[in-house]
Amino acid sequence: MDEKQTLFASLSRDPMLFAEAGRITYCNEALRSLLPELKPGAPAEELLPETLLNSESERIAAPAELAGRKYAALAQRVGESGLAVAFTPSDAARGAFLSDGAIAELKIQLFNMELAVQRINEDLPEGPGFEDSREYLAILRRGCSTTARQIANMETAIKLQEGVGFLNPEKTDLVHLCDSLVATVGILTGENCASVEFETDLDVLPALVDSVRVERLLLNLLSNSLKFTPPDGHIRVALSRAGENAIISVDDTGSGISADVMQNVFARYDQRFDPDCPDPVGAGLGLTVARGIAEAHGGALVLESREGHGTSARVSLPLDRRAVVLESRRTLPSRSGIGLIIAELASVLDREFFDPDYT
């Protein structure tokens, strides 16, 4: 660890540590104030999550707990066996930032915009000469879908923060849930986006989960992967069982997550704007919501990424022995409905889905 790294860590308000060869070599003041008993030389496994320690990625984010509070452990490999780790407090510790009244007002304004777009389209004369007008309406409809996604994520973030009555668990076959959702996404995105496929060796995997929330979690992960993976790339969704946990993996061959973005990957609206890139660079609410849904089920979301080589997301969900899968219904679309899926994928879908006459 060089002098610049030590100075940065010492000035950081967030807890930080450095580890070498599995041993903690440095703790900053913020970490020592939380854990006075922690001393240099202690095994890193006493503090850091196993998923983080066993990862071979250059950067990784994983949930952690310090002094009874939840944190996101954000790690960076240093040299051959070094590890620099910063602990970012979870959003629940940062306090509320929106009210139900604000969400309700946003929904009303969005409804008014969607209604206006519909009325303008109905008043457009038939025939040629109005192509530009229909193109502008398609842009507006895409914007409405993107806004609907943001409102839904904000509403979910508020409910996660409140932590009361958030989940509605039901008997669910996770194999069917993942299979049908991935199939629907694949049909909608077609050949103009990276290919998406689902793999599992299981016929069924019983679970007692909130299936709508789990679908939203997966849609957020898939939306990110599709946005940052080129059309000739590949996205693989896999489902397996590890003891009493279901493991859902989303691996892509996209651009990966840069070091500066990875440091705040679970922070709300930590976005920066690059004049050479039309889209915001950084995290909005999608990953915050995805992690919150996993943790609300008693599970976790772990991200691993190498810039230029893609991103891997691992979701663990505890299985409940009481969950008995009912007869599997092989129907499309998934439970969330096409409207929600189109909203989640608004940034990557073809223009045709937002044409005023599309139904």
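## Report on a predicted protein model

Asn153 is placed in helix 5 (residues 131-162). Helices here are DSSP runs of H or I with at least four residues, strands are DSSP runs of E with at least two, and both are numbered from the N terminus. The model is a predicted one, in which local features need a pLDDT of at least 70, side-chain atom pairs count only at pLDDT 80 or more, and totals for chains, interfaces and linings use all residues. Residues are numbered from 1 along each chain as its sequence is written, and side-chain values use heavy atoms, with hydrogens and water left out.

Asn153 counts as buried because its relative accessibility is 1%. The term buried means under 20% relative accessible area, exposed means over 50%, and partly exposed lies in between (1.4 Å probe, protein chains only). Residues up to four places away in sequence apart, Asn153 touches Arg216, Asn220, Leu285, Gly286, Val289 and Glu344; a contact means heavy atoms within 4.5 Å.

### The protein as a whole

The protein has 10 helices and 14 strands. Of its 359 residues, 46% count as buried. Among contacts with a separation of 6 or more, 65% are between residues 24 or more positions apart.

The mean pLDDT is 80, and 80% of the residues reach 70 or more. This quantity is the predictor's confidence in each residue, from 0 to 100. Over residues 92-98 the pLDDT is below 50, and this stretch has 11 contacts in the model beyond near neighbours in sequence. Over residues 269-283 the pLDDT is also below 50, with 27 contacts counted in the same way. Where pLDDT is low, the predicted coordinates should not be read in detail.

### Helix 6 and its ends

Helix 6 covers residues 174-189, and its 16 residues should span 22 Å at 1.5 Å a residue; the end C-alpha atoms are 22 Å apart, in agreement with that value. The expected span is 1.5 Å times one less than the number of residues. Because 12 of the 16 residues are buried, helix 6 is largely enclosed by the rest of the structure. Among the buried residues are Leu174, His176, Cys178, Val182 and Leu188.

At the start of helix 6, a side-chain oxygen of Asp173 comes within 3.0 Å of the backbone nitrogen of Val175. Just after the helix, Gly190 has a positive phi of about 60 degrees. The C-alpha atoms of Asp173 and Leu208 are separated by 8.7 Å, although the two residues are 35 residues apart along the chain. Leu208 belongs to strand 8 (residues 206-209) and is partly exposed, with a relative accessible area of 26%.

### Helix 7

Helix 7 has 18 residues and reaches 26 Å from its first C-alpha to its last, close to the 26 Å expected. It is mostly covered, since 14 of its 18 residues are buried. Asp210 caps its N-terminal end, with a side-chain oxygen 3.3 Å from the backbone nitrogen of Val212.

Arg213 lies in helix 7 (residues 211-228) and is buried, with a relative accessible area of 15%. Beyond its neighbours within four places in sequence, Arg213 is in contact with Thr156, Lys159, Phe166, Leu167, Ile293 and His297.

### Strand 9

Val237 is found in strand 9 (residues 234-242) and is buried at a relative accessible area of 2%. Its C-alpha atom is 6.1 Å from that of Glu197, 40 residues away along the chain. Apart from neighbours within four places in sequence, the contacts of Val237 include Val182, Glu197, Leu222 and Ile248.

A search of the whole structure finds zero disulfides, a disulfide being a pair of cysteine sulfur atoms within 2.5 Å.

| Residue | Relative accessible area | Class |
|---|---|---|
| Cys144 | 7% | buried |
| Cys193 | 8% | buried |
| Ala21 | 59% | exposed |
| Ala67 | 52% | exposed |

Ala21 lies in the loop between strand 1 (16-20) and strand 2 (23-27), and its phi is near 55 degrees, a positive value in a residue other than glycine. Ala67 is in the loop between strand 3 (59-66) and strand 4 (69-78), and its phi, near 50 degrees, is likewise positive in a residue other than glycine.

Methods. Polar contact = N/O pair within 3.5 Å; in protein donor to acceptor, adjacent residues only side chain to side chain.
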